[in-house]
Amino acid sequence: LGEKSQRLFPELESYQHFADKISQRKLFQTLGLPAPRWQVLESASQKSDLPFPFIAKASRGGYDGKGVRVIHSTEELQMASRDFGLPLLLEEKVKLKTEVARGFIKKSDGTTAFLPLVETLQEDGICHLVQYPANVSDKVKSSVELAIQKLAQSSLVGIFNFEFFVDESENVTINEGAPRPHNSQHLSIDASSVSQFDLLAEALAGLPFS
């Protein structure tokens, strides 16, 4: 294999931030992105600083609602630590109005292509429907744009998609990111002017973005 075919995309230095949910939270905090209050539970005897109810997430292996649990008591927290393993990521429970997602593809030379803002409709923590264009206010659009620009201007190189919570007051906080093509952007293949798949292929082939 040639040198180009052995390269990772996203690059390893970028991917390490997404190896687990706790590393993601630390990245978002470093970039100054608004996020739900959170803490790391490192032992079963440790107490939470968050008021009940809050969210417990497995730091590794959870996806599409798996490895995520609403915690109402100390007993439930102890059960989650046994079921999911430690460390656990604990987050405040946001009163959601909706969830939106947006991403970008960035080459090692800094050239960046942005994916469209979409609204993801959730059922039991699983995305059941994606709406484009997103039916959200200009305030929400501006907040997401600011966050995406900070992420794109960081050292990240590769393809990344990010989910954002929108609360009842239309405050936007970052939820999670994925260093890969994402289900929130699958519709971009024929629903928008840019496709995450076309852009990814262009980046891998060293072609200019269309």
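**Exercise 1.** In this predicted model, find which residues of α4 are buried, and work out where they sit around the axis.

*Solution.* 
- Step 1. List the buried residues of α4: V140, V144, A147, I148, L151 and A152.
- Step 2. Check their directions. They cover an arc of only 135° around the axis, so they lie on the same side of α4.
- Step 3. Recall the helix geometry. With 3.6 residues a turn, an α-helix has residues three or four places apart pointing the same way.
- Step 4. Turn to the other side of α4. There, D138 and L146 are exposed.
- Step 5. Ask what covers the buried residues of α4. The cover includes α2 (21-30), β5 (96-106), β6 (112-114), β9 and β10.

**Exercise 2.** Locate the cis peptide bond that joins F9 and P10 and the one that joins Y132 and P133.

*Solution.* 
- Step 1. Start with F9 and P10. Omega is about 5°. P10 belongs to the segment before α1 (12-15).
- Step 2. Go on to Y132 and P133. Omega is about 0° here. P133 falls in the loop between β8 (126-131) and α4 (138-152).

**Exercise 3.** Describe the phi of E170, and decide whether E170 is buried or exposed.

*Solution.* 
- Step 1. Find E170 in the loop between β9 (158-167) and β10 (172-178).
- Step 2. Read its phi. E170 is not a glycine, yet its phi is positive, about 65°.
- Step 3. Apply the cut-off: buried means under 20% relative accessible area. E170 has 18%, so E170 is buried.

Note on methods: Residues are numbered from 1 along each chain as its sequence is written. This is a predicted model: local features need pLDDT of at least 70, side-chain atom pairs count only at pLDDT 80 or more; totals for chains, interfaces and linings use all residues. Side-chain values use heavy atoms; hydrogens and water are left out. Helices (H or I, at least four residues) and strands (E, at least two) are DSSP runs, numbered from the N terminus. Buried means under 20% relative accessible area, exposed over 50%, partly exposed in between (1.4 Å probe, protein chains only). The arc is that of the directions from the helix axis to the C-beta atoms. Contact means heavy atoms within 4.5 Å.
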